[in-house]
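Have a look at the model first, then read on.

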Amino acid sequence: MTSTLKARPGLSRASGREVRRFDDVRELLPSVENPTPLVRLNRLVPPSAELYLKLEWLNPFGSVKDRAAAAMLEGLRRDGLAPDDLVEASSGNTAIALAALANLEGVKVTITIPDGVPEEKKTLLRMLGAEVWETPDDLCPVDLPKDGAIALARSLAESPGSKFIWPDQYSNPDNVRAHYETTGPEIWRQTEGKVKAFLAGLGTTGTITGVGRFLKERDPSIQVIAIEPEPGHRLPGLKSFKEANEPAIFDRSVIDQVVVVSDLDAYEMTKRLFREEAVMAGPSTGAVVHAAIDLGVEGPAVAISADSGLKYASFFAEVLGDEGQPTP
C-alpha cells in the first residue's frame with residue numbers, strides 16, 4: 001500500500017523502521033519490509049514440530065483485516081471513487097480498521113454488524129466514531145442465510161439516491177490482493193521459502209485465497225488448509241458455508257483441505273494458548289491451532305492468528321464456566 005504523506009519540518013527523516021519513529025499511524029501497516037512477526041509454539045506441539053503463528057493483532061488497528069481495509073480504500077481511490085460515506089458489513093475487525101483509516105481521510109463510516117459480536121468490538125467502533133447498526137439474522141432474505149449484516153449493507157448501498165459506497169469485502173478483489181502482495185510474500189520470506197503448510201480460518205476468505213495463491217505459485221506442494229466452524233457456531237470472524245454463502249472472492253482451487261472445528265475445541269485451545277504459550281489470541285486462532293495439531297501438519301507450518309483475545313474478554317467470560325472451563 002502506498003503512502004500519500006509529505007515530509008514535514010521537524011526531526012531528521014531517518015528511516016522510520018530504523019528508529020521506530022513515524023509521522024503517521026498508516027506507516028505501521030504491514031509489508032514485506034515491515035512484516036508482522038512469526039512466533040513458534042513450543043509447549044502445545046511436539047519438539048519436532050515447527051508451527052508458527054503469524055501475529056496479525058500486532059498490526060496498528062489490531063487484526064489481519066488492517067491489510068484488506070487499507071487495500072480496499074486504496075482501490076476506491078484508484079478507481080476514482082473517493083468516498084464521503086462508506087458502509088460495510090463486518091464482524092468487527094474490518095470495520096475497526098476501515099473506521100480508523102477513514103478517520104484519517106475525513107470519511108464517515110456506517111457498519112452493519114451481527115448482533116452477537118462481542119461488546120468490545122462495538123465499543124471500539126463507536127469510539128472511532130462509526131455508526132453501528134446491529135443486525136439480527138432474521139432480517140436476512142431467505143437466499144442469504146445467516147448473512148443479515150451483508151444484506152443490510154447491500155440495501156443501504158443500493159437504495160435509490162444512496163450516498164453510501166460499499167467496499168464489500170466479500171466480493172472485493174482488493175481484499176485478496178492485500179494478502180497476495182503482503183501476507184504471502186512476508187511468510188515466504190520469513191520462512192526462507194521453506195514453508196510446508198499454511199492454515200487460516202474461513203471468513204471473507206481474502207486471507208486464505210490471497211496467501212494460498214501466492215504460496216502455490218512459489219511451490220505447488222505447500223498445503224493450504226482452511227478451518228471452518230460448525231453450523232450455529234460462536235466463533236466471531238469465521239463462517240460456516242453450510243449456513244452462509246461462499247464469498248465471491250473465494251478460490252477453492254488453492255485449498256487442499258477444509259477442517260471443521262467445534263466451538264468447544266476452539267475455546268479449549270484458545271485457553272491453552274493463553275496459559276501454556278502466553279499467546280493472548282482470539283478464538284479463531286484457537287480453532288486454527290486445534291486443526292494444525294489435530295492434523296499433525298508437517299512443518300515449517302504457518303497459521304494466521306487473526307486478532308487479539310483482548311477484544312473478547314466479555315465473550316470469554318460468557319462462554320467459559322466459573323472454573324475457567326469451556327461450556328458447550
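Let's start with a pair: α3 and α4 count as roughly parallel to each other, because angles under 35 degrees are classed that way. This is a predicted model, where local features need pLDDT of at least 70 and side-chain atom pairs count only at pLDDT 80 or more, while totals for chains, interfaces and linings use all residues. Residues are numbered from 1 along each chain as its sequence is written, and side-chain values use heavy atoms, with hydrogens and water left out.

**α3 with α4**
- Helix α4 covers residues 119-127, and α3 packs against it at about 15° with the axes 9 Å apart; axes are lines fitted to C-alpha atoms over the stretch in contact, with angles from 0 to 180 degrees between N-to-C directions.
- Asn93, Ala95, Ile96 and Ala99 of α3 touch Lys121, Leu124 and Leu125 of α4, contact meaning heavy atoms within 4.5 Å.
- Sorted by class, that contact of α3 with α4 has five nonpolar, one polar and one charged residues (Ala, Val, Leu, Ile, Met, Phe, Trp, Tyr, Cys and Pro are nonpolar, Asp, Glu, Lys and Arg charged, and the others, Gly among them, polar).

**α2 with α3**
- Helix α2 (residues 65-78) meets helix α3 (residues 93-105) at about 45°, their axes 8 Å apart.
- That angle makes α2 oblique to α3.
- On the α2 side, the contact uses Lys65, Asp66, Ala69, Ala70, Met72, Leu73 and Arg77, and on the α3 side Asn93, Thr94, Ala97, Leu98, Leu101, Ala102 and Glu105.
- The contact of α2 with α3 splits into eight nonpolar, two polar and four charged residues.

**Helix α9**
- α9 runs over residues 283-295, 13 residues in total, and spans 19 Å from first C-alpha to last, close to the 18 Å expected at 1.5 Å a residue (1.5 Å times one less than the number of residues).
- Since 10 of its 13 residues are buried, α9 is largely enclosed by the rest of the structure; buried means under 20% relative accessible area with a 1.4 Å probe, protein chains only.
- Among the buried residues of α9 are Pro283, Gly286, Val289 and His290.

**The chain overall**
- The protein chain has 10 helices and nine strands, taken as DSSP runs numbered from the N terminus (helices H or I, at least four residues; strands E, at least two).
- Of its 328 residues, 55% count as buried.
- Residues 24 or more positions apart make up 68% of the contacts with a separation of 6 or more.

Definitions and conventions. Buried means under 20% relative accessible area, exposed over 50%, partly exposed in between (1.4 Å probe, protein chains only). Angles under 35 degrees count as roughly parallel, over 145 as roughly antiparallel, 65 to 115 as roughly perpendicular and the rest as oblique.
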